[in-house]
Amino acid sequence: MDSILQAITTDGAIRAAAATTRDLCEQARKIHAMSPTACAALGRVLSGAAIMSLDLKNPSMSITVQFEGGGPIGRITAVADGSANVKGRVTNPHADLPLNARGKLDVGGVVGRDGFLSVVREIGLKEPFVGQVRLVSGEIAEDLTMYFVRSEQIPTAMALGVLIDTDMSVRAAGGYMIQLLPGASEEDAAAMEKAAANFGAVTEALDAKMGPRDIIKKLLAGRETEFFEEVPTRFFCDCSRERTRRAIASVDKKTLGEMIEKDHGAEVVCRFCGNKYQFNEDELRSINS
């Protein structure tokens, strides 16, 4: 089962979080019928959003992570709530490119580098907190790392990975984030950088069945650590017929009238999960009244 775990060194210097998200990413692949490279890109963003959701204090809060890099995949969006439910989509799920120079899926190429990463936190305030930075590489984890450094001034190292099997299914997925906390020393910063540099490829760790606790133990080896409760995470869309009805009600009267007179009904498809909601003429007339 997919899960996320958070830990902090007992001296209060370093925080680490790790996630396994294979099932979550595989469900996203099936829903959107994605190419391997598109799946790797969205899977990394889903995994990053899942890890970042640990900062949310209650289920009604949410965090939206969005990449727009000008690449063939178009916009990538992932939304996570305070219960670690995650959903996501891409503009072009079939976008694909040849393997890069290292023989890996070209995530950076399919995402693009000419654009922005945006993070929107809905935390119960009148206005959401919005942060935005220019993309560095399109490789997702590197850009999220730079987001924390530039937008939130938190020294961070993040690694995210999605391993695609020979049958095009997701074989392993997940990642980690490690951050310096206020009051950390230069020695702590050096230790964090060394831990991330020496960890190795995160996909190899995930493929070796390392769980979140194993990953954190390796990252914080030699430091006394306090672990928090492990939290399950899953792909879950909160769309519903009532939400869809409210969305239709927000359409202008002229367009709604055309839906009634010309189309004699409406079908609304959720872009996150593919659920379809049908509304007949009578239902549309009641919405329009």
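Residues are numbered from 1 along each chain as its sequence is written, and side-chain values use heavy atoms, with hydrogens and water left out. In this predicted model, local features need pLDDT of at least 70 and side-chain atom pairs count only at pLDDT 80 or more, while totals for chains, interfaces and linings use all residues.

**Stop 1: α1 and α2**

Select residues 22–32, helix α1, and residues 36–52, helix α2. Helices here are DSSP runs of H or I with at least four residues, strands are runs of E with at least two, and both are numbered from the N terminus. The two axes lie 10 Å apart, at an angle of about 135 degrees. Axes are lines fitted to C-alpha atoms, for helices over the stretch in contact, and angles run from 0 to 180 degrees between N-to-C directions. The pair is therefore oblique (angles under 35 degrees count as roughly parallel, over 145 as roughly antiparallel, 65 to 115 as roughly perpendicular and the rest as oblique).

Now show the side chains of L24, C25, A28, R29 and H32 in α1, then C39, L42, G43, L46 and S47 in α2; these make the contact (heavy atoms within 4.5 Å).

Stay on α1 and pick L24, C25, E26, A28, R29 and H32, its buried residues (buried means under 20% relative accessible area, exposed over 50%, partly exposed in between, with a 1.4 Å probe and protein chains only). What do they pack against? Their partners are α2, β5 (85–90), β9 (170–180) and β12 (234–235). Just after α1, click on A33, where phi is positive, at about 50 degrees.

**Stop 2: the cysteines**

C39 is buried, with a relative accessible area of 1%. The whole structure has zero disulfides (a disulfide is a pair of cysteine sulfur atoms within 2.5 Å).

Move on to C237, which is in no disulfide; its nearest cysteine sulfur, in C270, is 3.6 Å away. C237 is buried as well, at a relative accessible area of 13%.

**Stop 3: α8 and α10**

Select residues 241–249 for α8 and residues 281–288 for α10; their axes come within 9 Å and cross at roughly 60 degrees. That angle makes α8 oblique to α10. To see where they meet, show R241, R245, I248 and A249 in α8 with E283, L284, S286 and I287 in α10.
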